[in-house]
Structures are given as structure tokens and as C-alpha cells.
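Hi,

Here is the model I promised to pass on.

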Amino acid sequence: MIRDVREISTRSTLLPYTRFQYVAHRKTAMLWAIGLTIYCGLIVAIYPSVSDAIDISLIPDNLRAAFNINDFTQLASFLSSELFGVILPLILPFFGIIILSNVVAGAEERGRLDVLLGNPIPRFHLIVGSFAVVATYLLALTGIVGGVVWLMANGLDLDLTARQAFRAGFALWPLTLAFGALSLAMSSVVRQRAVALGVPAAVVFLMYLVNVIGKLAPTVSGVRFASAHHYYGSAITEGIWWIGAVVLVGAGGAHVIFAVIAFNRRDIHA
Amino acid sequence: MAAAQKHASSLAIQTFDLTKTYGARRGIHNVNLTVARGEIFGFLGPNGAGKSTTLRTLLGYLKPTSGRAEVLGLDVRSHSVAIHRRLGNLPSEFSLEDRMTGFQLLRFYADLRGSGTVSLGRARELAKRLDANLDTPMRRLSRGNKQKIGVIQALFHDPELIILDEPTNGLDPLMQGEFLSILQEARDRGQTVFFSSHVLSEVERVADRVGIIRDGELVAVEDPNALTGRAYRHVRIKFEGPIDSSSVQRIASLPGVDRFEHHDSTLTFTIGGSMNELIQIASQHHVRSLDAVRPPLDELFLAYYGDDPE
């Protein structure tokens, strides 16, 4: 009898909770979508004015290698070193980090967890449901990035295929998801949202730095394997590196599993 | 064996040497508590005594350091979700989604419970009785109005067991009365109510039994009438002018009078039990003012149970 009740509960709460989270973060996702549309559109729009203005032969070789600067006469190469090489890999992970740091640590800090868990909802539904929502919104945002870049390039009659634009966008998805999952894992362990937010944020920049240093100094190039940004690759010029994507998705999945275990074991304080 | 099972099934809550400590800080120690089905059990104690820790352990929010607890016959750790399906809970400190209205939130909780439109009808009914606004976003509601939403979410699905932590916090006196009436009606329908408070008067009004916790230990489980029978008041009587010494002596020697002091036309003392004789003596003089105040719970506990709970 008890088992029946638990099974019914497990089936019936994940969907309502996930739906609730979709609605709760809809406005945030829309604001991100608007911001990304404007920014990505602007970057493509300014390309014609900078393509001839920068002489990349003046930039040292290892610095060019570090930032994927190959050929500014090609839009794809320009975007690879600028939009998809620096800005989006550093900024877009914050969509997931901000939302997922709130799931446990943030909700506990604000006193929201007590009422929610007063309902017959298994704790892992909070983890899985929230992660699914962020994963879906991130997929949409990365799709929007690819779409905006392609539409702008087409509108300005620049040389960029839809395939290049969308694979560049979607390559961001595993990277941003992995950092979001890290934030979720932190949120399940610590009690302060600032920590669950701050540590993954610092890790984003630290890993980016490690990847750049690995490219700049061949003697320590092995450190790049410790950076998520290494597995992200350069999809717009080289195509999606599927092994790298699998590593990132696997790391994200491992963090989600860790979050489920940690949340189940932890005390929830007032 | 059959008798033992029958006993177990008649209990809504049972704890076995339940202990929860937070490092060096005190929590609760070896709490053995039983709450029968269909009773209102008041859990009384001063702030920091361990009321919330006990409740949070029963709700599965805190893992016991040792001992265990059963709610509705199920272990609180291993059957937390099944238990929550059958209970309603109001935490002492909580916040709700700022952007949502009370009704939107209740609809979400009803979805989680699968309790549907029947419970939402009950929510509207409770909202009417408590004068709660279900159609305004939470961020625009006062502390008291948010507390009403909290109360409704704990009750709207008519759970078997209602666990409430300081439920009258933020409610005005009129709403406190209505809320206590709702609890009595729930009890009359066979629901069990377990609620914590540090206000003696609200516990004595509705509780069938009272558990008293101090410094993390359950020091007594009493009939509320016995508790209030032993209660004393701080009395201060100011007369229009000095009164004769025989009247002063008569008041000082009344049963239950203690800590007696006399300054000019003012008498201060504590009195336990009936105040009938006191009023009769005082009424023979011109009384300017008479204050009779219940002491704070901390002081009461010290007087009743001393430093040593044993």
C-alpha cells in the first residue's frame, strides 16, 4: 500500500514541478534571448567594418592560437575568435549557474524549501526538474544564437552557412550545461547561495584561463584537459567535436547525480 | 502483538529517543513523544528550546543524530514522501514565490498532491474565514497575509495530520481566534493537529495535551488544565491612598501569594490559583488600577520545572 503511494507520487510530481519551473523562469529566459539577439546581431553587424581594419599578422602566433585568431577576412573565423571564442563561453554559462544555484541553497536561504518539501515531492524531482528546465531553455538560447548570427550574416550578404551558425550555437549547449550542473551540485551541498553562485562563476573564468595558458605555453598544454573550454572546441570553423561534447555532457550528468545524492543526504535548515 | 499493533496504529506520531545535535550547539535529546490520532497536541517551549528541531526532524528535513521517529506509522526517514502525502505542514519561517498569487501557488500544490479542484474549493472557503487575499501577488502582501496563505496551504487538502510551527505568528488576535476554531473543527473531523507555540494561552485554549520542551528535553506532557491550574500571575494593585495594614496582611497571606512587596499605596506580588478572595479584599478599598499579567514562558518553566528537568 505504501509502495503504491510512493510510486504514484513519483509519477505525479515531476511533471507539475517541471512545468512550474518553466513558467517561473520564462521571463528570465526571454530577457536572455533578447540580450543575446541584440549582442550577437551587433557583433555580426560590425564585422564588415573590422574585417579590414585589423592586421592579424601583427599578433604573435601563440596568442593567435590561444584565441583562435586565424583569418579575419572570413566571418566564421572572426566569430570563432570573438563571439564563440570569448564572450559566449564566458557569459552564457551564467544563465544556468544563476538559476540552478537557487534550487537548493538559494531556496533554503530564502525559506522556500520548507513549504515546497511539505508537499509529497521526492527531493530528486527538484534536481531533475530544474536541470531539465535549464537544459531546455539553454538549448533554445543556443539555437537563437545560431539563428540570429545566420540571419544577420545573410542579411548583410556575408559568407556564413546555416550549418556553421547553428553548430556554433549548439556547441555551447554542453559547455553551459556542465557549468550549470556544477552550480546545481554546489547548491545541493552548501547553505549559502552566494557560494553556489560564486564558485562555479570563478570556475568558468579559471577554466577559460587554464585553456588559454595551455594554448600559449606548449610545455604545459596538458593542463587544458582539466578545462571544460578545451572540450568545447571551435565548432564554427572545425565542426562540433563530438568527443568533447560527450565529455561535457558526461561531466554535467555526473554533477547532477552528485547533486541528487547530496541533496537526499543533507539537512534542511530554517 | 495484536495489542501492540493496535496501539501503534492509534498513534499519529511516535518518537524513540529522538536526538538531533548540531555540533556543539544543543538540539534535542532523547525525546520520547506520542501523539494520538484525532487529538490536538500543543508543543510548548521558549524560543530555542528545540520545538522547531523536533518538528523538522518529524518532517524529515533533519536527519536524527540517534533514535528514530514514526509519523502515521511510517519511519520519517525512509517514507518521507508517503508521509507528506498525508500531512499538512506550516513552517515557522517561510517565504513563497513573490511573483505568484496565493491561488496560483495553491493550484501548484494541488497539482503536486493530485488533490484537484475539491481542495481548491476548500482553500477558497478557508481564505474567506481567514480573510485571506488569494488573488494578489505575494510580494504585495503583508507578513500577516502571507501567514494566512501559509496556513491555508497546510490545511486545504484536509490532511490526516497537521504539523504547524508557531502558526499564529503574524496573525492578528481576531484571526488567531478563527484559526484556533479551524483547528478544533479539524480535530472534530478526526484530523490530528501537532502544533508548537510559545504562547501558553493559545495552547491551553485548544490543546488536548501539552508537551513541554526546555533545553532540548521533553520535560513534561500534561493536561492543559493542569498546566493552567498551576499558572500564576504577576499582580500590581495601586490604591487611591494607603490602605490599612490588616488588609495588606490579609492579601499577603492569601493562598498562592508569593514575592509580596508593599510600597506606599502599591502592592506587587505573584498569585497562583483563584483570584476571587484577592478581588473581594481589594474591592473594599478604592482601587486606582489592577494589573494581572501572566509571566513569560521562560519564567514559568523555571518556576515549574526548575533548572533540573528531573
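A definition before anything else: I call a residue buried under 20% relative accessible area, exposed over 50% and partly exposed in between (1.4 Å probe, protein chains only). This is a predicted model, so local features need pLDDT of at least 70 and side-chain atom pairs count only at pLDDT 80 or more, while totals for chains, interfaces and linings use all residues. Residues are numbered from 1 along each chain as its sequence is written, chains are lettered from A and ligands numbered from 1 in the order in which they are written, and side-chain values use heavy atoms, with hydrogens and water left out. Helices (H or I, at least four residues) and strands (E, at least two) are DSSP runs, numbered from the N terminus.

Let's start with helix H2 of chain B, residues 51-58. Seven of its eight residues are buried, so the rest of the structure largely encloses it. The buried ones are Lys51(B), Thr53(B), Thr54(B), Leu55(B), Arg56(B), Thr57(B) and Leu58(B). After H2(B) comes Gly60(B), with a positive phi near 85 degrees.

Two strands pair if DSSP finds at least two bridges between them; S7(B) and strand S8 (residues 161-165) of chain B run parallel and are joined by four. Asn89(B) has Ile163(B) in S8(B) as its bridge partner.

There is also an open sheet of four strands in chain B, in the order S13-S14-S12-S15, with antiparallel pairing. Its edge strands are S13 (257-263) and S15 (287-293) of chain B, each pairing on one side only. S13(B) is joined to strand S14 (residues 266-272) of chain B by five bridges, and His263(B) has Thr266(B) in S14(B) as its bridge partner. Helix H10 (residues 245-252) of chain B packs on this sheet, where it touches S13 and S14 of chain B, and its direction makes about 155 degrees with that of S13(B).

His234(B) sits in strand S12 (residues 232-239) of chain B and is partly exposed, with a relative accessible area of 27%. Not counting residues up to four places away in sequence, its contacts include Arg259(B), Phe269(B) and Asp291(B).

Then there's a hairpin: S1(B) and S2(B) have two residues between them, and Gly23(B) in the turn has a positive phi of about 60 degrees. Strand S1 (residues 11-22) and strand S2 (residues 25-31) of chain B pair in the antiparallel sense over three bridges, and Lys20(B) has Ile28(B) in S2(B) as its bridge partner.

Over in chain A, Ile34(A) is in helix H2 (residues 26-50) of chain A. Ile34(A) is partly exposed, at 47% relative accessible area.

Cheers

How values were computed: Contact = heavy atoms within 4.5 Å. Axes fitted to C-alpha atoms, helices over the stretch in contact; angles between N-to-C directions.
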